[in-house]
There are 2 protein chains.
Amino acid sequence: MLEDELRRIAKIVGSNITSSVSGDGSPLYRAALHLPLQGGKRMRPFLVAKACEAVGGTVEGAVPAATAIELLHNFTLVHDDIMDNDLLRRGVPTVHTLWGLPLGILAGDLLFAEAFEVMLSSKGEPERRRRAASILARAMIVLSEGQYMDMSFESRVDVSEVEYLDMVYRKTGALFQAAGELGGVMGGGDERSIASLGAYGKNLGVGFQIFDDYLGMTSSEEVLGKSVGNDIREGKKTLIVIKTLQTPAGELLLSSLGKKSASDTEIETLVKSIKAEGVLDYVRGRASSYVNAAKAAVSNLSESTARAQLIELAEYAVSRSK
Amino acid sequence: MLEDELRRIAKIVGSNITSSVSGDGSPLYRAALHLPLQGGKRMRPFLVAKACEAVGGTVEGAVPAATAIELLHNFTLVHDDIMDNDLLRRGVPTVHTLWGLPLGILAGDLLFAEAFEVMLSSKGEPERRRRAASILARAMIVLSEGQYMDMSFESRVDVSEVEYLDMVYRKTGALFQAAGELGGVMGGGDERSIASLGAYGKNLGVGFQIFDDYLGMTSSEEVLGKSVGNDIREGKKTLIVIKTLQTPAGELLLSSLGKKSASDTEIETLVKSIKAEGVLDYVRGRASSYVNAAKAAVSNLSESTARAQLIELAEYAVSRSK
């Protein structure tokens with residue numbers, strides 16, 4: 001049921017991306033559309049659409065905002081892949097890998113501009129559109145700060161849980177929060193509902209990201225589409241890493257952290273000792289807490305199919321296998 | 001007189017950049033503010049302010065839009081410097097040279113977001129702010145296309161004058177056009193005045209850029225702050241290059257075009273033969289035509305100090321020495 005609805009919204013947004021970012025078929029536009037047309041979960045557009053419905057709006061009225069947020073999300077992925085020098089994304093080569101660095105930067109910039117164009121040129125009440133675009137601009141500032149924090153963590157081993165959670169809020173939670181608020185604004189919700197939907201998004205986003213890190217250590221390569229323990233090899237300061245460094249298993253972790261050549265067996269042994277320290281349970285528990293906070297945040301909205309779907313989405317975020 | 005007013009507006013916009021893009025003093029914010037706080041001519045903000053006054057608005061009412069356009073202009077410079085691998089800008093090291101590639105990209109992205117934040121969160125009539133931000137988003141799409149064209153010209157020797165002018169319109173004219181329109185919109189001008197101010201900006205921008213290329217071949221290193229003929233060494237397809245390739249001097253030009261090691265004497269000899277073919281006069285004439293079109297575009301606006309200053313700015317664009 002939820003997956004059908006996710007697919008339905010994803011399809012609407014996908015079509016709107018194609019028709020909005022029409023371009024001229026040049027390498028610039030092909031590079032820009034490479035990632036957005038690959039698909040992905042489209043969770044943010046779904047959140048915009050359902051938040052809009054939850055306050056009495058329609059999916060149709062949410063489409064420009066849903067499209068804008070998906071374009072912005074893809075913009076951040078294109079540039080993050082350059083900054084992190086990642087070669088693969090969603091199982092296919094990244095934009096700068098295919099088109100080179102200059103066009104990778106430019107394709108990202110174009111997606112950024114197209115997102116605001118879609119949001120601002122759409123039909124509808126001017127003040128709602130202005131406010132929605134303003135929410136997006138603010139979110140992009142916070143996301144830049146999050147990306148900077150993430151990069152600056154790479155060279156540190158003393159990152160605290162509080163710092164990590166602040167980074168995850170900025171890098172992931174802020175755009176989910178914006179998605180909730182956008183839906184509330186475009187659906188004509190009152191201030192209290194808009195705030196509730198923002199709180200839902202923020203907590204969902206943070207919980208989702210923590211659970212993502214958890215999956216990256218506990219799932220299988222076949223399911224993930226990437227090696228288990230990749231975060232360890234890349235030296236990422238995930239919550240699992242931060243918590244493990246505070247346990248006796250920390251020493252073992254340090255010998256593999258950032259070691260690109262770490263073997264699967266090495267990672268397997270490491271995961272076992274991290275698990276034995278109770279870190280995996282702790283991290284999954286943290287993800288669940290955030291998701292519960294997300295569910296609680298929408299409890300004051302009137303009952304509706306959309307609200308039920310938001311609650312279902314939250315549950316999916318911490319029960320999925322990939 | 002004009003220079004005093006340019007300085008006055010530049011100071012107002014500079015202060016507003018500092019107070020709007022407050023940040024946390026982190027390297028991210030220092031990288032983002034590096035270029036905008038270096039100064040520059042601030043011609044685009046001046047255009048916004050004067051266009052606003054020309055339709056009966058105030059400089060104060062134009063400040064958010066003027067700030068936004070200057071931030072966007074600086075965003076494009078930061079990213080263009082990365083794409084072109086330029087080490088110096090306004091006589092100081094470029095952002096990515098000082099802070100590295102990842103932070104260079106991110107600093108640009110932050111400026112982009114801050115520009116829309118300043119524009120959209122400002123006080124004032126919602127529809128004007130929405131429309132102004134929409135004009136900016138559209139301009140940024142066109143600018144991306146212009147940057148792509150400019151990059152794709154590098155590997156070609158058959159770029160036509162028409163293609164070059166289309167590129168210059170996209171890369172430079174579009175943001176000047178947006179500046180004129182923004183001033184008109186924020187000042188509450190009627191549609192005809194907004195269109196006139198846009199046409200003024202568009203023609204001024206193209207004329208300004210053509211004259212810039214002209215100066216790069218005819219001025220002196222002391223005045224320019226960079227070597228005469230740098231465009232030749234970098235293999236840029238300026239109008240001078242395009243026209244020269246159609247003359248007997250084309251062969252001589254091809255032997256130096258894109259040759260980083262070309263000596264000053266080599267460039268001097270080349271400039272002489274380009275001049276002898278009448279190319280320099282032709283190019284200066286083209287710049288003047290655009291500037292005359294810019295002046296004509298504002299002739300239907302009511303007489304005002306601001307309109308007189310716009311005309312003065314147009315004349316300055318093709319009479320300046322740097």
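**Exercise 1. Count the salt bridges between chain A and chain B in this predicted model, and describe one of them.**

Step 1. The count between the two chains is two salt bridges.

Step 2. In one of these pairings, the side chain of A:Arg138 meets that of B:Glu117, with N to O at 3.3 Å. The cut-off is 4 Å, so the pair qualifies.

Step 3. Eight residue pairs are in polar contact between chain A and chain B, both residues being at pLDDT 80 or more.

**Exercise 2. Work out which helices of chain A build the side that touches chain B, and what that side is made of.**

Step 1. List the helices that supply at least two residues each: helix 2 (27-34), helix 4 (59-83), helix 6 (101-121) and helix 7 (126-153) of chain A.

Step 2. Find the largest share. Helix 7 of chain A gives it, with 15 residues.

Step 3. Sort by class. This side of chain A has 23 nonpolar, eight charged and six polar residues.

**Exercise 3. State the extent of the contact between chain A and chain B.**

Step 1. Take the residues. Chain A contributes 37 residues and chain B contributes 37 residues.

Step 2. Take the area. The two chains bury about 3300 Å² between them. Carbon and sulfur atoms account for 74% of it.

Step 3. A:Leu120, A:Arg130 and A:Tyr148 supply 17% of the area that chain A buries against chain B, more than any other three residues.

**Exercise 4. Trace the salt-bridge network that includes A:Glu5 and A:Lys50.**

Step 1. Start in helix 1 (residues 2-20) of chain A. A:Arg8 and A:Glu5 form a salt bridge, N to O 3.0 Å. They lie three residues apart in this helix, so about one helical turn separates them.

Step 2. A:Arg8 is partly exposed at 41% relative accessible area, whereas A:Glu5 is buried at 12%.

Step 3. Move to helix 3 (residues 43-54) of chain A. A:Glu53 and A:Lys50 form a salt bridge, with their closest N and O atoms 2.7 Å apart. Here too the spacing is three residues, about one helical turn.

Step 4. A:Lys50 is buried, at 1%; A:Glu53 is partly exposed, at 26%.

Step 5. Join the pairs. A:Glu5, A:Arg8, A:Lys50 and A:Glu53 are linked in a network of salt bridges.

**Exercise 5. Classify the exposure of the partners in the salt bridge between A:Asp158 and A:Arg156.**

Step 1. Their side chains meet at 2.9 Å, N to O.

Step 2. A:Asp158 has a relative accessible area of 53%, over the 50% cut-off, so this residue is exposed.

Step 3. A:Arg156, at 25%, is partly exposed.

Notes. Residues are numbered from 1 along each chain as its sequence is written. Chains are lettered from A and ligands numbered from 1 in the order in which they are written. This is a predicted model: local features need pLDDT of at least 70, side-chain atom pairs count only at pLDDT 80 or more; totals for chains, interfaces and linings use all residues. Side-chain values use heavy atoms; hydrogens and water are left out. Contact means heavy atoms within 4.5 Å. Buried area is the accessible area (1.4 Å probe) that two parts lose on being put together, summed over both. A polar contact is a pair of N or O atoms within 3.5 Å; within protein, one must be able to donate a hydrogen and the other to accept it, and residues adjacent in sequence count only if both atoms are side-chain atoms. Helices (H or I, at least four residues) and strands (E, at least two) are DSSP runs, numbered from the N terminus. Ala, Val, Leu, Ile, Met, Phe, Trp, Tyr, Cys and Pro count as nonpolar, Asp, Glu, Lys and Arg as charged, and the others, Gly among them, as polar. Buried means under 20% relative accessible area, exposed over 50%, partly exposed in between (1.4 Å probe, protein chains only).
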